[in-house]
Amino acid sequence: MKASTAWTMLIAAGLIDVAWALSMKLSQGYTRPGWTAASVVTLIAFVWLLGRALTALPVGSAYAVWTGIGAAGTVLLGAMVFGESITAMKLGGVGLIVAGIVMLRAAPA
């Protein structure tokens with residue numbers, strides 16, 4: 001697999017991780033069948049994509065990027081979808097995560 005394909009799969013896995021976190025919240029402790037099913041499907045999807053990406057990318061960088069995308073995206077969408085508080089300090093933290101992701105992507109293999 002080409003590195004560019006692996007990075008695309010990794011980014012997709014990170015974005016699906018955000019969908020998984022939101023669906024977990026919406027499942028209300030896995031008591032709502034539709035959102036529970038969505039949570040299971042997104043979990044399977046991101047684990048599969050992450051696993052495929054790891055065939056061509058270093059595990060340390062890939063895992064950090066995947067969790068960073070998931071963390072930053074979940075903070076932002078949690079504020080937009082659930083009205084969770086968003087402060088300048090939280091936005092600064094998200095900015096640092098994004099900067100770290102960019103640096104890991106730009107670093108030589």
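1. Helix 1 crosses helix 2 in a left-handed sense. The contact draws on both helices: on helix 1 the residues include Ala6, Met9, Ala13, Ile16, Asp17, Trp20 and Leu26, and on helix 2 they include Trp35, Ala38, Thr42, Phe46, Leu49, Arg52 and Ala53. By class, the residues of this contact split into 19 nonpolar, three polar and two charged.

2. Now the geometry of that pair. The packing angle between helix 1 and helix 2 is about 160°, and their axes lie 8 Å apart. An angle over 145 degrees counts as roughly antiparallel, so helix 1 and helix 2 are roughly antiparallel to each other.

3. A step back to the whole chain, with the reminder that this is a predicted model. The protein chain has four helices and zero strands, so from the N terminus its elements read α-α-α-α. Along the principal axes, its C-alpha atoms fill a box of roughly 45 × 35 × 15 Å.

4. Two overall numbers may be handy. Of the 109 residues in the protein chain, 29% count as buried. Among contacts with a separation of 6 or more, 67% are between residues 24 or more positions apart.

5. Spanning residues 59–82, helix 3 has 24 residues and reaches 32 Å from its first C-alpha to its last, close to the 34 Å expected at 1.5 Å a residue. Its buried residues include Ala62, Val65, Trp66, Ile69 and Ala79, along with the glycines Gly68, Gly70, Gly73 and Gly78. What do the buried residues of helix 3 pack against? Their partners are helix 1 (3–26), helix 2 (33–53) and helix 4 (88–106). Just after helix 3 comes glycine 83, with a positive phi of about 70°.

6. Finally, please have a look at the loop between helix 1 and helix 2, where both glutamine 28 and tyrosine 30 are found. Most residues other than glycine have a negative phi. Glutamine 28, although not a glycine, has a positive phi of about 50°. Tyrosine 30 is another residue other than glycine with a positive value, its phi being near 60°. Is tyrosine 30 buried, exposed or partly exposed? Its relative accessibility is 44%, and therefore tyrosine 30 counts as partly exposed.

Key. Residues numbered from 1 in each chain as written. Predicted model: local features only at pLDDT ≥ 70, side-chain atom pairs only at ≥ 80, totals over all residues. Heavy atoms only, no water. Helix = DSSP H or I, 4+ residues; strand = E, 2+ residues; numbered from the N terminus. Expected span 1.5 Å × (residues − 1). Buried < 20%, exposed > 50% of the residue type's maximum accessible area, 1.4 Å probe, protein only. Contact = heavy atoms within 4.5 Å. Axes fitted to C-alpha atoms, helices over the stretch in contact; angles between N-to-C directions. Parallel < 35°, antiparallel > 145°, perpendicular 65-115°, else oblique. Left-handed = near helix turned anticlockwise from the far one by under 90°. Nonpolar A, V, L, I, M, F, W, Y, C, P; charged D, E, K, R; others polar.
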